[in-house]
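Me: I have a model open and want to go through one part of it. Can you take my questions as they come?

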Amino acid sequence: MANTSWIEVKQEVLSRNTEMANGFRSQRAAGGTLAVDVLGSPGAGKTTFLLALAEHLRKTKQAQIGVIEADLESDVDALKIKQSGIPSVELNTKGLCHVEMGMMQQAFDAFRSTDFDYLFLENIGNLVCPAEFDTGCHLRIMLLSIPEGYDKVYKYPPMFSIVDALVVTKLDYLPLNPDFDMTALRDGARFLNPNLKIFEVSARTREGIDVVATWLSEKRQQILADRNELKGYGNVH
């Protein structure tokens, strides 16, 4: 009976979270913002990747960017983002291993501005819990670094199955890890998620960052096109 109650409570929590996430996602799209949830293990290189990606988007697209930095306790990553000149809000989960929509909304409200082309959430370093909670983003990107090994696709299948893109990071480490099997990673990931986009990047050398930026720009253009189509529909009818 206790198990039944727990399942019912969990379903209710997830259902309410999804409802809030859908509203948040629609609001950001209406404002022309592409929201991106960046997931990965501790040490996968999420902050370094975001800094390189933001630098490219700002330089080539003159994009306005905001970053929500989720951590269990510290503000280390949030300070790195702020020091680069990017608006950033620190989201401390106080030990919680995932981000829920109530936290996401509160963090976004702290910006006191909605004038972003791209809003990034650097999620908690965890490949389990965050897979269950919708954060109101339009896209989910998972980072997997070369030093972590390709076999994580077999150890954490739920995460690989729910993301829109897999970004293989720290590509400059590949010569140092001859056991890393890129083909096995691709095959395993696409078995779980046939439509998965896979990118290979090095934030240190900037290799591949432009390809990810172009893909995100195309996704944002689609949001803008859909928004304009809805406005036009409203005017006609």
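Me: Is Ser-145 buried or exposed?

Reply: Ser-145 is buried, at a relative accessible area of 1%. Buried means under 20% relative accessible area, exposed over 50%, partly exposed in between, with a 1.4 Å probe and protein chains only. This is a predicted model, where local features need pLDDT of at least 70, side-chain atom pairs count only at pLDDT 80 or more, and totals for chains, interfaces and linings use all residues. Residues are numbered from 1 along each chain as its sequence is written, and side-chain values use heavy atoms, with hydrogens and water left out.

Me: What is Ser-145 in contact with, leaving aside neighbours within four places in sequence?

Reply: Gly-43, Ala-44, Thr-169, Lys-170 and Phe-180. Contact means heavy atoms within 4.5 Å.

Me: Which strand does Ser-145 lie in?

Reply: S5, residues 139-145. Strands (E, at least two residues) and helices (H or I, at least four) are DSSP runs numbered from the N terminus.

Me: In what sense do S5 and S6 pair?

Reply: Parallel, over five bridges; pairing requires at least two DSSP bridges between the strands. Leu-143 has Val-167 as its bridge partner in S6.

Me: Switching to S6, how many of its residues are buried?

Reply: Five of five, in residues 165-169.

Me: What about S6 and S7?

Reply: S6 pairs with S7 (residues 197-200) in the parallel sense over four bridges. The chain gets from S6 to S7 through helix H7 (residues 182-192), in a right-handed β-α-β crossover. Right-handed means that, with the strands pointing away from the viewer, the path from the first strand over the helix to the second runs clockwise.
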